[in-house]
Amino acid sequence: MNELELVQKEFGILDRVPEGVCILREDFNVVFWNRCLENWTGIPRREILGKNISIYFPHLDQPKYIFRLQEIFSGGPPTIFSSQLHKSIIPCQLSDGRWRIQHTTVTPVPAVNAQEKQSEEIGDRPLKKPFYALFVIEDVTDLTQRIQEYRTMRDRALEEISERKKVEEELLISQHFIQKVADTAPYILYIYDLVNQQIFYVNEQVNILLGYSIEEIQAIDVNKFAQLIHPEDLEQFPAHFAKFDRAQEGDIIEIDYRISHNSGEWRWFHCREVIFTRTSEGKPQQILGTGQDISEGKKAELALHLQIEKERLMAGITQQIRSSLNLNEVLHTAVTEVRHFLQADRAIVCRVQYNSDEENQNLNSGIITVESRADDCQSILGLKMPISYLNQDCCCLYQQDGIRKIDNWCTGDSCCSHQVLLQKWQVKSCLEVPIRQGKKLWGVLMVHYCQSTRKWQSLEVDLIKELANQLTIAIQQAELYQKLQAANQELSRLASSDSLTELANRRRFDEYLAKEWRRLEREQAPLSLILCDVDFFKKYNDTYGHQAGDFCLQEVAIAIRKAVRRPADLVARYGGEEFAIVLPRTPLDGAYHVAETIRKNVIGLKLSHGSSPISQYVTISIGITTIVPNHRYWPAKLIEAADKALYQAKQAGRNCAIGLRVESTTV
């Protein structure tokens with residue numbers, strides 16, 4: 001093997017390391033170039049091996065590099081090219097355009113052919129061993145950047161700590177000045193002792209903003225202080241105090257919470273706290289804090305949030321009304337959204353019912369038709385609202401678009417029956433808004449709080465009123481759609497039925513036969529067709545008149561319909577005195593059985609026919625045919641075969657049924 005192959009065999013394992021590795025011979029020719037350097041530089045191994053490295057990296061010809069590398073080739077100690085002095089020994093870029101910062105160690109390693117010559121000597125001295133220079137190049141770009149960022153943060157933190165210490169020194173020197181500033185500040189200034197869990201100092205603003213004297217606040221222990229904090233905010237305090245154990249000097253720790261005013265009202269405060277003093281062990285002992293009353297801002301923020309949510313809710317429901325003509329779906333969406341928005345326990349729609357007297361319609365009762373409720377709330381869906389609830393005062397209130405708003409049913413001004421019903425439904429606060437249909441009361445939208453009482457806000461009342469108006473639009477829209485559906489259904493029925501017999505007409509017959517043909521062609525199932533013709537019907541008309549003829553056709557249609565019972569079967573008036581019956585998935589023998597039943601039913605009518613040469617009563621002739629639909633034939637082939645069978649029945653003396661398979665002999 002040549003030298004390059006020997007080097008590859010000896011040092012090939014370095015292909016797997018994540019650092020750049022190359023080996024130079026003392027003539028600066030490259031004898032090893034690992035995959036990492038291939039990826040970094042884009043220079044393939046096959047191109048650079050055996051060539052002088054200065055061809056690709058001319059800066060290595062500089063004396064400062066040559067001198068140090070010659071020592072390596074002589075077997076000298078390893079040398080380091082620090083990233084601080086030599087940014088890149090092998091310059092190469094990252095994908096984001098930055099140049100890699102490299103920390104390079106160069107170590108002498110015996111040349112691969114050195115072992116063969118160790119035993120050779122000149123006189124008393126051994127031959128000088130040749131050495132390679134092994135470059136191990138570590139990418140320290142990210143590490144260098146993090147160190148720089150850390151130094152910047154450290155310098156900034158040291159500056160802040162230095163400034164904080166200066167402030168503390170000034171505060172200690174001028175306590176009178178501090179007190180003067182503290183008493184005139186528009187926020188509460190306090191010092192809290194973490195060790196004794198007590199407020200050590202508080203300024204006069206505590207009396208102005210919270211209604212407590214300084215003495216009252218300083219006398220409060222940790223348990224009483226916890227009673228002043230809103231229950232929902234208490235859980236954040238352990239994590240808040242734990243932050244001081246990790247806090248550095250000057251770190252500002254912030255918290256928002258609600259605290260009870262002396263009047264009982266909850267007030268929002270934003271507090272900013274720093275470590276004021278430490279124990280001899282260096283642990284935080286006292287914290288200095290400021291408390292700013294942000295109640296108005298929170299109210300504005302909440303109002304804005306509610307307004308945005310209200311607009312989102314109304315936009316969603318309005319979109320639902322526009323996109324859906326299903327009233328029940330719209331009502332379900334409305335009660336679900338409004339319950340979640342108001343965080344209520346139950347939202348329902350009560351549909352009112354009137355008595356049947358059209359001249360004097362009065363409210364009769366109400367029924368809960370739509371409901372959205374919390375999991376732990378009693379369901380009242382489907383319950384009837386008693387007539388006593390819909391008394392005259394209640395009806396007048398609803399008819400005048402009045403809103404019933406009850407913050408606490410125990411202290412409300414509702415009637416006795418109303419209170420009994422609310423108590424039965426476990427309701428403590430409720431809001432009721434009428435839903436109208438024109439001038440008539442259609443129903444009532446109700447929102448219930450069962451776990452606690454609630455003071456209804458004007459924005460919430462406006463939301464429910466606006467929602468009720470949207471539901472009125474939805475009701476009108478659904479009513480128009482139902483009328484349109486009914487009209488379309490009637491038009492469809494008229495367009496597909498025969499006015500005399502009320503059977504399907506010829507148009508409906510053609511459509512149905514084509515549809516069943518396609519379906520049964522896919523399923524490869526039999527399709528049978530029966531054609532019936534009233535025997536000597538023209539003579540019947542001439543003898544008894546056209547009105548009697550119409551009556552005869554109606555009776556025959558009824559007799560045929562009685563014999564055809566399956567929902568998928570179709571009976572149609574084919575034309576004049578002819579009738580057609582489509583029998584999907586029916587073989588010929590089954591169709592023949594149906595035909596015989598029809599024939600017997602018609603005879604059983606015993607409609608007198610004095611002009612018939614074959615019977616004293618009205619009879620029919622029937623042609624039957626069956627086929628398994630396929631692409632070679634069309635439905636017209638089936639009709640043609642049935643008509644042929646009908647012709648044979650007439651030729652056979654009438655009042656009989658003849659069956660044919662397509663392209664088969666008579667059955």
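Reply: The protein chain exposes about 37300 Å². Carbon and sulfur atoms supply 50% of that area. Accessible areas come from the Shrake-Rupley method with a 1.4 Å probe, and for residues only the protein chains shown count as cover. This is a predicted model, in which local features need pLDDT of at least 70, side-chain atom pairs count only at pLDDT 80 or more, and totals for chains, interfaces and linings use all residues. Residues are numbered from 1 along each chain as its sequence is written, and side-chain values use heavy atoms, with hydrogens and water left out.

Of the 667 residues, 42% count as buried. Buried means under 20% relative accessible area, exposed over 50%, and partly exposed in between, again with a 1.4 Å probe and protein chains only. The chain holds 21 helices and 23 strands. These are DSSP runs numbered from the N terminus: H or I over at least four residues for helices, E over at least two for strands. Take the contacts between residues at least 6 apart in sequence: 58% of them join residues at least 24 apart. A contact means heavy atoms within 4.5 Å.

Now the interior. In soluble globular proteins, nonpolar side chains tend to be buried together. A nonpolar core here is a set of buried Ala, Val, Leu, Ile, Met, Phe, Trp, Tyr and Cys residues joined through side-chain atoms within 4.5 Å. The largest one has 33 residues. Those with the most contacts inside it are Leu342, Val349, Ile435, Leu445, Ile464, Leu467 and Leu471. Two or more residues each come from helix 12, helix 13 (327–342), strand 13 (346–354), strand 17 (429–437), strand 18 (440–449) and helix 16 (458–496). Helix 16 gives the most, with ten residues. Look at Ile464: beyond four places in sequence, its contacts are Val338, Leu342, Leu431, Val433, Leu445 and Val447. Apart from this core lies another, of 30 residues, among them Val534, Tyr540, Cys552 and Leu583.

Helix 12 (residues 295–323) includes Ser295. Ser295 is buried, because its relative accessibility is 2%. Its side chain reaches the backbone nitrogen of Trp268 at 2.8 Å. Leaving out residues up to four places away in sequence, Ser295 touches Arg267 and Trp268.

The loop between helix 13 and strand 13 holds Gln343. Gln343 has a phi near 55°, positive although the residue is not glycine. Most residues other than glycine have a negative phi. Gln343 counts as exposed, because its relative accessibility is 65%.

Next, helix packing, starting with helix 18 (residues 537–544) and helix 19 (residues 546–563). Their axes come within 7 Å and cross at roughly 135°. That makes helix 18 oblique to helix 19. Axes are lines fitted to C-alpha atoms, for helices over the stretch in contact, with angles from 0 to 180 degrees between N-to-C directions. Under 35 degrees counts as roughly parallel, over 145 as roughly antiparallel, 65 to 115 as roughly perpendicular, and the rest as oblique. Phe537, Tyr540, Asn541 and Tyr544 in helix 18 meet His546, Ala548, Gly549, Cys552 and Leu553 in helix 19. Two of these, Tyr540 and Cys552, belong to the 30-residue core.

Helix 17 (residues 506–523) packs on helix 21 (residues 635–651) at about 115°, with axes 10 Å apart. Helix 17 is therefore roughly perpendicular to helix 21. From helix 17, Phe509, Leu513, Ala514 and Trp517 meet Pro635, Leu638 and Ile639 of helix 21.

Technical notes
A polar contact is a pair of N or O atoms within 3.5 Å; within protein, one must be able to donate a hydrogen and the other to accept it, and residues adjacent in sequence count only if both atoms are side-chain atoms.
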